[in-house]
Amino acid sequence: MTAPAPAPEDLVVSRAALDDWRVVGAWSGEEGWNPGLRDGPAFFAQDPDGFFIGRLDGVPVSAVSVVNYSADYAFLGFYLVRPDLRGRGLGLATWKTALAHAGTRTVGLDGVVAQQDNYRRSGFEPAHRTARFTGPAPAAEVPAGVGPVRPNDFADLLAYDSACCPADRPRFLEAWLTAPGHRAVLRRDHGDRLTGYGVVRPGRDALRIGPLFADSAADARALFAGLVAGAAGQPVCVDVPETSAEGAALAEEAGFTPSFETARMYTGPVRPFAQERVYGVTTLELG
C-alpha cells in the first residue's frame, strides 16, 4: 500500500538554530540564489528568533525567515519548500507560523516573479523591481578617497546606513562588516564626510556586492572599483533596484547583464529613506 502523502497537519514548525540554517542555505543555493557563504551569523545577529523551519518526521522540508528590525518593521525571506514536496500546503503552513513573529509590523520582502501574485493575496504590495546584474569583474584599482572600513568608522557608517534603510540595523551591520571573507570599503570627501560605503562577500556561485550605498554616481563608481579591485575576471553580482537608473548604468558599464528579477513588496508604509543612495541592495534575504 502506498504511504499517504504528507499534509500540512503533519508538519512541525519551530524556530531554527544557526546549525539548522545551513540546510536552508544549501536549498537557496540550489534555487540559484547564490547565497553568501557566511551570511548566517550576521542574519541571526539581528533577530535570532526570526528563523523558522518545518519538519516531517524530524526531517527539514520547509523554511522562512521573518526578521524583526524595529518596533515597526520586519523583513521576510528564505521562503522555501523542498522541491519534491511543493504544492501540498507545507509552505503556507510554515509561512503563517513565521509571519506571526512580526506582530503588527510592516513586513517587506523581495519576491521572485513566480510568487508575486501569492504575495499580493497575502497583503503585500509592490514598491519597485530589483534586477540582479552579473558578470566578470573588470580590472580596477582602488581609487583615491576609497579605503577599508575601520572600527572607528562604525558610528558614521551606522548613521549613513540608517538613512538608506527602512529601519536602523546596528546588530546586523556590525556582524555584516566583520564577517569572515566580507570586505567593506567607504569613501569620504575632502572634509572627511562619509559619502558612501559598500561590501563584497564570497557567494556560492559569484562574489556578491551589497550594500552599495552612495551620495552620487561618482561615489558609487569609485566604491564599485574599490570592491572589485583585485578580483578581475571573477564572477560578481549586484542587485540593483529600478529606483536607481544610475546603478543599472554602472553595472552595464562594467559589462554585467541582468540575470533575474524580484520585486520589493511591503504590507504597509515604511519610514522614508534615501532610495536615491541605494545603488545596490544589501541582500534579497534580509533587505
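Reader: Which residues touch the most other members of the largest nonpolar core?

Author: In soluble globular proteins, nonpolar side chains tend to be buried together. A nonpolar core is a set of buried Ala, Val, Leu, Ile, Met, Phe, Trp, Tyr and Cys residues joined through side-chain atoms within 4.5 Å; buried means under 20% relative accessible area, with a 1.4 Å probe and protein chains only. Here the largest core has 38 residues, and Trp21, Val24 and Tyr197 touch the most other members. A second, separate core of 26 residues includes Ala214 and Val238.

This is a predicted model: local features need pLDDT of at least 70, side-chain atom pairs count only at pLDDT 80 or more, and totals for chains, interfaces and linings use all residues. Residues are numbered from 1 along each chain as its sequence is written, and side-chain values use heavy atoms, leaving out hydrogens and water.

Reader: Which residues lie nearest the centre of the largest pocket?

Author: Rolling a probe the size of a water molecule over the atoms shows where empty space is left. On a 1 Å grid over the protein atoms alone, a pocket is an open set of points where a 1.4 Å probe fits, with protein on both sides within 12 Å along at least five of seven lines; lining residues have an atom within 4 Å of a point. In this model, 31 residues line the largest pocket, and Tyr79, Leu80, Val112, Gln115 and Tyr119 lie nearest its centre.

Reader: Which residues lie nearest the centre of the second largest pocket?

Author: Arg22, Gly36, Leu37, Asp39 and Gly40 do, among 17 lining residues.

Technical notes
Buried < 20%, exposed > 50% of the residue type's maximum accessible area, 1.4 Å probe, protein only.
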